[in-house]
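Let's take a walk through this model together. Have a look at the overall outline before turning to the details.

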Amino acid sequence: ARRHRAALKLQAGARGRLVRSRVKRWHMASVIVQAQVRRAMAQAQAAATRRRVLRLQALARRWLACQQLARRHRAALKLQAGARGRLVRSRVKRWHMASVIVQAQVRRAMAQAQAAATRRRVLRLQALARRWLACQQLARRHRAA
């Protein structure tokens, strides 16, 4: 009986060591599984965060591109308006210069016509004055003769 109890104690001790060894292996295995699960979850969360960040960056780049395009469009409109304004001012200047030339030509023609009319009147007056003087001279000669 003593031997039997000693054998039972030895057997119980051996079984205890085996069970503790198994529990230790199970614990280690569960720690490894937990670590792998945590790593996979962290990777999935990191990937999701990366996707969200990339989406936000894409939206930000799109917004900036739209802003830049709008600025370029406004600048192009200003350039076009400036060019159209210069073109119109250039045309108006040419029209003004043409009108000045036409006005000068009309004034010249009118002055020439007026000068010609004045010259004709002066010549007519001179002719009449010479005729009168000639008549006066002829009358004096007749009276003196």
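Which residues make a nonpolar surface patch of about 320 Å²? The patch is made by Val19, Val23 and Trp26. Please keep in mind, as you look for these side chains, that the model is predicted.

Now for the helix that carries Val23. This residue is found in helix H1, which covers residues 2-144. The protein chain has one helix and zero strands. H1 has 143 residues, and from its first C-alpha to its last it reaches 207 Å, close to the 213 Å expected at 1.5 Å a residue. An α-helix has 3.6 residues a turn, so residues three or four places apart point the same way.

The outline of the protein chain comes next. Along the principal axes, its C-alpha trace spans about 210 × 10 × 10 Å. The radius of gyration of the protein chain is 61 Å, whereas a compact globule of 145 residues would have one near 15 Å.

Two pairs of residues let you follow this along the sequence. Gly13 and Leu138 are 125 residues apart along the chain, and their C-alpha atoms are separated by 183 Å. Ala127 and Ala65 are 62 residues apart along the chain, with 91 Å between their C-alpha atoms. Gly13 has a relative accessible area of 24%, so it is partly exposed. Ala127 is partly exposed as well, because its relative accessible area is 38%.

What about burial? Buried residues make up 3% of the 145 residues in the protein chain. In H1, the buried residues are Gly16, Ala48, Gly85 and Ala117. The protein chain exposes about 13,800 Å², and carbon and sulfur atoms supply 63% of that area.

How many disulfides does the count come to? The count comes to zero disulfides, where a disulfide would be a pair of cysteine sulfur atoms within 2.5 Å. Cys66 counts as partly exposed because its relative accessibility is 43%. Cys135 has a relative accessible area of 45%, so it is partly exposed too.

To draw the picture together, the protein chain has one helix and zero strands, its C-alpha trace spans about 210 × 10 × 10 Å, and buried residues make up 3% of its 145 residues. On its surface, Val19, Val23 and Trp26 make a nonpolar patch.

How values were computed: Residues numbered from 1 in each chain as written. Predicted model: local features only at pLDDT ≥ 70, side-chain atom pairs only at ≥ 80, totals over all residues. Heavy atoms only, no water. Helix = DSSP H or I, 4+ residues; strand = E, 2+ residues; numbered from the N terminus. Rg over C-alpha atoms; globule rule 2.2 N^0.38 Å. Buried < 20%, exposed > 50% of the residue type's maximum accessible area, 1.4 Å probe, protein only. Areas by Shrake-Rupley, 256 points an atom, 1.4 Å probe, with all protein chains shown as cover. Patch = residues over 30% accessible without salt bridge, like charges linked within 9 Å, V, L, I, M, F, W, Y side chains within 5 Å. Salt bridge = Lys/Arg side-chain N within 4 Å of Asp/Glu carboxyl O. Expected span 1.5 Å × (residues − 1).
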